[in-house]
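Student: Could we go through this structure together? I should like to ask about a few parts of it.

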Amino acid sequence: MTQGIKLSGGYLTQAFGHDDLDAALLLIPLMGIPIDKAVLELTAAAVEEHLCHGDVVHRYLASDGLSGSEDAFLICSFWLVDILLMLGRAEEARALFERLLANANDAGLYAEESDPTTGLFLGNFPQAFTHLALINRALHIQLYE
């Protein structure tokens with residue numbers, strides 16, 4: 001497979017013929033799509049390097065043609081937990097998961113997005129997709145252990 005892989009980095013790209021990253025690429029192995037472990041490792045490393053801001057993950061940084069900008073999507077942060085587990089980085093996965101749990105509000109709820117600098121919740125609140133990601137990752141951590 002050469003389409004969709006950044007030649008100079010060896011990681012998956014957002015679209016064929018483009019070099020941009022997208023955190024949704026972290027879902028590929030969860031969908032049962034076969035992927036070489038080395039490509040997955042390089043993709044996770046690229047997401048961590050380019051899309052992570054502390055514990056939160058931007059979906060992508062490339063222009064999407066819409067005005068304004070997006071902050072970090074909390075669902076993407078939980079996706080990273082799964083990839084860390086799949087790569088055998090269980091201690092890092094658990095630590096990230098627990099830090100994300102600590103970011104819930106006083107009622108245990110999450111928003112869609114988070115300002116990476118201030119931690120302020122943004123976007124839809126409460127966000128069901130973020131909560132589903134949290135529940136799935138909790139189950140995956142328990143199954144892994």
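Student: Which residues are exposed on the other side of α4?

Tutor: This is a predicted model. In it, the exposed residues on that side of α4 are Phe129, Gln142 and Leu143.

Student: And which residues of α4 are buried?

Tutor: The buried residues of α4 are Thr130, His131, Ala133, Leu134, Arg137 and Ile141. Around the axis they cover an arc of only 155°, so they lie on the same side of α4.

Student: What covers the buried residues of α4?

Tutor: The cover includes α2 and α3.

Student: How many residues does α4 have, and how far does it reach?

Tutor: α4 has 17 residues, and from its first C-alpha to its last it reaches 24 Å. That is close to the 24 Å expected at 1.5 Å a residue.

Student: What about α3, then? What span should it have?

Tutor: Helix α3 takes in residues 90-102, which is 13 residues, and at 1.5 Å a residue these should span 18 Å. The end C-alpha atoms of α3 are 18 Å apart, which agrees.

Student: Which residues of α3 are buried?

Tutor: They are Ala93, Leu96, Phe97 and Leu100. Seen down the axis of α3, these buried residues fall within an arc of 100°, and therefore they line one face of the helix.

Student: Which exposed residues are on the face turned away from that buried side of α3?

Tutor: That face of α3 carries Glu91 and Ala102, both exposed.

Student: What do the buried residues of α3 pack against?

Tutor: They pack against α2, residues 74-86, and against α4, residues 128-144.

Student: Changing topic: where is Asn124?

Tutor: Asn124 sits in the loop between β5, residues 121-122, and α4. Its relative accessible area is 46%, so Asn124 is counted as partly exposed, given that exposed means over 50% and buried under 20%.

Student: What is Asn124 in contact with, leaving aside its neighbours within four places in sequence?

Tutor: With those neighbours left aside, Asn124 is in contact with Ala111 and Glu112. As for distances, Asn124 and Ile75 are 49 residues apart in sequence, and their C-alpha atoms are 12 Å apart in space.

Student: Is the peptide bond from Phe125 to Pro126 cis or trans?

Tutor: The bond from Phe125 to Pro126 is cis, with omega near -15°. Pro126 is found in the loop between β5 and α4.

Student: Now the cavities. How many of 30 Å³ or more are there?

Tutor: A search of the whole structure finds one cavity of 30 Å³ or more. The largest cavity holds about 40 Å³ of space.

Student: Which residues line the largest cavity?

Tutor: Its lining consists of His58, Arg59, Tyr60, Glu70, Asp71 and Phe73. By class, the lining has two nonpolar residues, one polar residue and three charged residues.

Student: One more: where does Gln14 lie, and what is it in contact with beyond its neighbours within four places in sequence?

Tutor: Gln14 lies in the segment before α1, residues 37-50. Leaving aside those neighbours, Gln14 is in contact with Asp20, Leu21, Asp22, Leu25, Tyr60 and Ala62. One of these, Tyr60, also lines the largest cavity.

Student: Is Gln14 buried, partly exposed or exposed?

Tutor: Gln14 is partly exposed, with a relative accessible area of 31%. In sequence, Gln14 and Ala44 are 30 residues apart, and in space they are 13 Å apart, C-alpha to C-alpha.

How values were computed
Residues numbered from 1 in each chain as written. Predicted model: local features only at pLDDT ≥ 70, side-chain atom pairs only at ≥ 80, totals over all residues. Heavy atoms only, no water. 1 Å grid on protein atoms, 1.4 Å probe; cavity = no way out; pocket = protein on both sides within 12 Å on 5 of 7 lines; lining within 4 Å. Points joined across faces, edges and corners; volume = space filled by probe spheres on them. Nonpolar A, V, L, I, M, F, W, Y, C, P; charged D, E, K, R; others polar. Helix = DSSP H or I, 4+ residues; strand = E, 2+ residues; numbered from the N terminus. Expected span 1.5 Å × (residues − 1). Buried < 20%, exposed > 50% of the residue type's maximum accessible area, 1.4 Å probe, protein only. Arc of directions from axis to C-beta. Contact = heavy atoms within 4.5 Å.
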